[in-house]
Amino acid sequence: MKKILFAANLESFFTKFLIPQLKYYKNNGYEVHVAAKAEGIDIPYCDKKFDVDFARGFNIKQNLTSYKQMKDIFKNEHYDIVSCHTPFGGAITRLAFKNCKIKNTKMVYMAHGFHFYKGAPLLNWLIFYPAEKYLSKYTDTLITINLDDYEIAKAKFKCKVEYVPGVGLDVSKFDFKMTSKEKNQFRKSLGLKQNDFVMIYAAELLPRKRQTWLIETLNETLKNNPHFHLLLPGKDSMDGKCQRLVKSLYLCNQIHFLGFRKDIPKLLKISDLALSSSNQEGLPVNIMEDMYCGLPVIATNCRGNRDLIENGKNGYVVDIGDKKNFVDKVLKISKFIDQQHQKIKKENQKKIEPCLLENVLSQIIKYMNR
């Protein structure tokens, strides 16, 4: 029986992004193994799990430990394919693989967003770029999920480089209808009125997602338009910094922190406009979900975002520091949303098609098996 190993920093990475790939190989006769730092998560379609102490940074002790653990796995198991993910999980796996001098195994690395990119800190380029360039010599296929990364890797790295638009958007949870009555009731439960203009940015509260910048940018707009509201669903990883800012600006009635939610599809269906203020992405799932739900999107012009948004067609991309232009685009869409809705929805349907799970998965499998 053929065997495949998937490696990533954390078990939760598999449940978020890789289950369709595990399912495909399990259903096609492979023995499926995974290597990740244990979090007590049940991973379906997995025959064997290895608890590997992958670090998420430059922890020398952890990196040495995980390197030795991966070498032990490669000494005791033979794989037809190794598929590694995440910067440190991918690097340690490939180093251990290289030093075990393994033959007849295909090494695939899927980059979900390089740490070096246009606009990244110089230190990222000094550390991560040389490391990835070196490791590319021991990688059979490198799969990138955005065009910026693809162009860099294609020009600079010594391996076969492929591009797929993301890991595949599973739309099954979005394929339901809400009546006007249901939408109004759901809005009411959130403290919103039927005729409010509702914006949403579904993302974990993080410095790189820049919710504080977004709040400051929309401050005057919200105060001048009391029927404008901003929904911010997502786990708070900033210790209440955003909430304190909103309170100081007296915007608690218009900016709604919803915490971690399992009903993002419903929230999108009662929203009018999606936003993203991030300074870097791989290929943002939240924007793909926004698009699938037919929402126009205003996003910062960064890697990943600009792959999905086309100015004037399904939204706008705005330079990362341009607060005035961001606000202008919000006001522009708010004035014409009713007239433009069907046109934007049709454009989004066309642009999101290549990103759907069935289309992306078939490409990933093709590149992994080739």
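Here is a short chat about some side chains in a predicted model.

Tutor: Residues are numbered from 1 along each chain as its sequence is written. Since this is a predicted model, local features need pLDDT of at least 70, side-chain atom pairs count only at pLDDT 80 or more, totals for chains, interfaces and linings use all residues, and side-chain values use heavy atoms, with hydrogens and water left out.

Student: Okay, why is Phe 58 called exposed?

Tutor: Exposed means over 50% relative accessible area, buried means under 20%, and partly exposed is in between (1.4 Å probe, protein chains only). Phe 58 has 55% relative accessibility, so Phe 58 counts as exposed. You'll find Phe 58 in the loop between β3 (48-51) and α2 (60-76).

Student: What makes Tyr 24 partly exposed?

Tutor: Its relative accessibility is 28%, so Tyr 24 counts as partly exposed. Tyr 25, at 0%, counts as buried.

Student: How do you know that Tyr 24 and Tyr 25 form an edge-to-face pair?

Tutor: Rings of Phe, Tyr and Trp (its six-membered ring) pair if their centres lie within 6.5 Å; planes under 30 degrees apart are stacked, over 60 edge-to-face, and the rest tilted. By this rule the count comes to 20 aromatic pairs. Tyr 24 and Tyr 25 are 5.1 Å centre to centre with 90° between the planes, an edge-to-face pair.

Student: And why is the pair of Phe 114 and Phe 157 called edge-to-face?

Tutor: Their ring centres are 5.9 Å apart and the planes sit at 75°, so that pair is edge-to-face. The pair links distant parts of the chain, with Phe 114 in the loop between β5 (106-111) and α4 (122-135) and Phe 157 in the loop between α5 and β7, 43 residues apart.

Student: What makes Phe 114 buried?

Tutor: Phe 114 has 3% relative accessibility, so Phe 114 counts as buried. Phe 157 counts as buried too, at 7%. Ring pairs also link Phe 114, Phe 116, Trp 125, Tyr 129 and Phe 157 into a cluster.

Student: How do you know that Lys 158 is exposed?

Tutor: Lys 158 has a relative accessible area of 60%, so Lys 158 is exposed. Lys 158 is in the loop between α5 (147-156) and β7 (160-163).

Student: Last one: why is Ser 172 called exposed?

Tutor: Ser 172 has a relative accessible area of 51%, so Ser 172 is exposed. Look for Ser 172 in the loop between β7 and α6 (180-189). The C-alpha atoms of Ser 172 and Leu 357 are separated by 10.0 Å, and these residues are 185 residues apart along the chain.

Terms used:
Helix = DSSP H or I, 4+ residues; strand = E, 2+ residues; numbered from the N terminus.
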